[in-house]
Amino acid sequence: TSAPLQITPGPQVAPRGPERRCKTWKAEAALRMLLNNLDAEVAEDPGNLVVYGGTGKAARTWDDLRAIVRTLERLEADETLLVQSGRPVGVFKTTEFAPRVLIANSNLVGHWANWAHFRELEEAGKMMYGQMTAGSWIYIGTQGILQGTYETFAASAAKHFGGSLDGRLVVTAGLGGMGGAQPLAATMNGGTCIAADVDPARIQMRLDTRYCDELSHDLDAAIDRALEWKDAKVAKSIGVVCNAVDLLQRLIERGITPDVLTDQTSAHDPIGGYVPSGMSLEQALALRASDPAEYERRSYATMVRHCELMIELQAKGADTFDYGNNLRGHAKEAGLANAFDFEGFVPKYVRPLFCEGKGPFRWAALSGDPADIAVTDRIVKELFPEDKALLRWLDMAAERIQFQGLPARICWLGYGDRAKAGLAFNEAVRRGEISAPIVIGRDHLDCGSVASPNRETEAMKDGTDAVSDWPILNAMLNVASGAAWVSFHHGGGVGIGYSLHSGQVSVADGTDEAAQALERVLTNDPGTGVMRHVDAGYEIAENCARAKGMDLPLLES
Ligand code: NAD
């Protein structure tokens with residue numbers, strides 16, 4: 001019964017502590033995570049409601065944000081709020097076991113699923129770009145992608161460099177909300193990293209949050225510095241203020257071949273995200289506003305050049321992969337026939353994990369107290385003592401990750417293990433070892449929750465890359481299983497027209513009801529990932545399903 005929250009435009013701060021203002025912890029958790037997405041430490045541009053990933057937003061307008069907050073504050077224990085592209089559109093009587101919020105963001109019928117049509121609707125105030133965890137209120141800052149990036153670089157090291165990136169040069173670009181994880185992921189693997197970003201403010205944010213070590217405005221000086229570190233096997237990173245293509249071009253001119261090469265500029269959005277070369281950031285922003293069509297043309301032309309340079313460096317020996325921003329897809333659209341000459345990171349390094357239901361499981365402490373995350377870290381270590389990579393990750397995370405907003409943790413866990421962790425957290429909340437409920441969710445980039453042919457479902461064994469029945473089944477099953485909120489989005493990661501995906505978030509509030517819901521949701525949700533990969537014919541998934549006794553009618557035992 002606290003006073004209603006007053007929302008004014010600008011960065012937000014989520015309420016903290018063990019007292020709730022909403023009538024249930026499920027609604028309270030949704031409210032806190034929504035506002036946490038817009039915390040100054042978390043969001044890339046909170047003044048415009050933008051969380052990360054180009055223009056990925058948490059709510060459509062400030063009025064919508066206010067209305068969502070007011071509605072969550074009054075929502076009864078047997079009511080469900082419906083949110084359509086960041087706008088609260090209805091409250092319906094459901095049951096106590098149903099989700100408190102159902103969210104659909106940026107969805108368009110296939111024939112109209114393109115940026116041009118989306119932008120018309122967005123300008124008319126009818127839609128919002130939800131990205132993946134922006135519009136579904138479970139973004140936790142750059143940590144959310146850190147472990148995935150760390151594991152991907154580790155997989156590259158294992159395959160090509162004897163297990164470590166010591167004395168190796170990692171080259172990339174894009175130091176935004178997600179891409180900002182790259183320098184730290186590289187140095188955690190022992191490597192040296194140089195990363196280009198056109199926007200010095202973005203690099204500065206990575207320095208402030210300890211994801212990157214140095215910033216330079218001088219391209220050659222930055223390259224020299226990186227080479228010095230590499231030769232001395234110093235695991236440090238430098239962000240250089242320039243366009244990605246200028247960095248790659250200069251490396252080629254100087255005869256330098258990276259050991260690992262990737263990219264996380266916001267290439268999924270040719271107008272709102274990616275920045276063309278040949279002009280300053282200020283000039284680009286002015287052109288974006290005055291002549292979007294010309295901006296788009298230049299953006300596509302730069303993406304073509306960007307891919308060509310990556311292909312050239314791959315030919316010289318760099319371990320090159322696409323990092324999920326659809327750079328190749330857009331370069332191909334713009335006429336580069338061989339844009340897909342380098343592979344995506346999912347078929348190259350992540351799919352075997354998906355086959356076992358592993359994916360970016362995450363949780364946040366609604367108390368706001370970092371000590372609660374320390375308790376969860378300890379619980380996970382005690383549950384899985386045999387998983388050495390996991391233990392190493394948790395030690396490194398505790399030491400090197402600065403929390404952004406509500407303290408949180410990411411941890412790739414598979415089928416069976418997610419439910420174990422969720423139930424153990426719930427017990428710790430019940431016993432008072434954790435001071436307020438824990439919210440448990442995941443990225444939409446997960447094993448069973450996404451259809452995205454240029455990323456998560458690239459090169460599926462049975463050619464079903466574009467089949468989007470799977471994420472819909474995932475969303476429906478999460479609703480039936482009693483998650484706290486469930487979302488279904490279009491266009492995240494790779495842009496409008498290229499992906500469909502769902503998310504779920506659950507709450508461990510220490511009650512028996514929460515334990516039952518957690519067991520169902522955290523088993524079923526990754527279970528759809530195993531199921532999807534069994535259906536596509538992956539043997540690892542079949543073995544996993546058999547070992548875990550899953551009930552898949554057409555799988556012979
Ligand atoms: P963001 O919008 O926060 O940051 C993008 C950054 O790229 C900005 O700092 C921008 O200044 C910079 N940039 C744009 N064009 C550039 C250019 N030509 N040269 C140099 N810098 C340039 O986005 P984000 O959240 O960091 O996500 C980056 C991309 O990765 C997006 O396309 C996103 O959809 C995708 N993504 C990938 C994963 C994954 O797991 N691989 C996960 C989430 C998002």
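Is serine 106 buried or exposed, and how many other C-beta atoms lie within 10 Å? Serine 106 is buried, with 25 other C-beta atoms within 10 Å, where buried means 20 or more such atoms, exposed 12 or fewer, and partly exposed in between, with C-beta atoms placed from the backbone. The structure is a predicted model, in which local features need pLDDT of at least 70 and side-chain atom pairs count only at pLDDT 80 or more, while totals for chains, interfaces and linings use all residues. Residues are numbered from 1 along each chain as its sequence is written.

**Residues with positive phi**

Serine 106 has a phi near 65°, a positive value in a residue other than glycine, and leucine 49, likewise not a glycine, has a positive phi of about 65°. Leucine 49 counts as buried, with 25 C-beta neighbours inside 10 Å.

**Chain and domains**

The chain holds 18 helices and 18 strands, and its C-alpha trace spans about 65 × 55 × 45 Å along the principal axes. Buried residues make up 57% of the 557 residues. Two residues are in contact if their C-beta atoms, placed from the backbone, lie within 7 Å; among contacts between residues at least 6 apart in sequence, 71% join residues at least 24 apart.

The chain is divided into domain 1 (1-135 + 350-547) and domain 2 (143-341), with bounds that come from an automatic or database domain assignment. The C-alpha centres of domain 1 and domain 2 lie 27 Å apart, and the contact takes 26 residues from domain 1 and 24 residues from domain 2. On the side of domain 1 that touches domain 2, strand S13 (359-365), helix H14 (388-400) and strand S14 (408-413) each supply at least two residues, and the largest share, 4 residues, comes from S14.

**Ligand shell**

The ligand is surrounded by 34 residues, of which the closest are Gly174, Gly176, Met178, Gly324 and Asn325; a residue is near the molecule if its C-beta atom, placed from the backbone, lies within 6 Å of it. Because domain 1 and domain 2 both give residues to this shell, the ligand lies between them. Helix H4 (143-160) and strand S7 (192-197) each supply at least two residues of the shell. The shell divides into 13 nonpolar, 17 polar and 4 charged residues, where Ala, Val, Leu, Ile, Met, Phe, Trp, Tyr, Cys and Pro count as nonpolar, Asp, Glu, Lys and Arg as charged, and the others, Gly among them, as polar.

**Nonpolar cores**

A nonpolar core is a set of buried Ala, Val, Leu, Ile, Met, Phe, Trp, Tyr and Cys residues joined through C-beta atoms within 7 Å. The largest has 147 residues, and those touching the most other members are Ala30, Leu72, Phe153, Ile194, Ala364, Ile438 and Val439. This core draws at least three residues from each of domain 1 and domain 2. Apart from this core lies another, of 6 residues, among them Met132, Leu445, Ala451 and Trp470.
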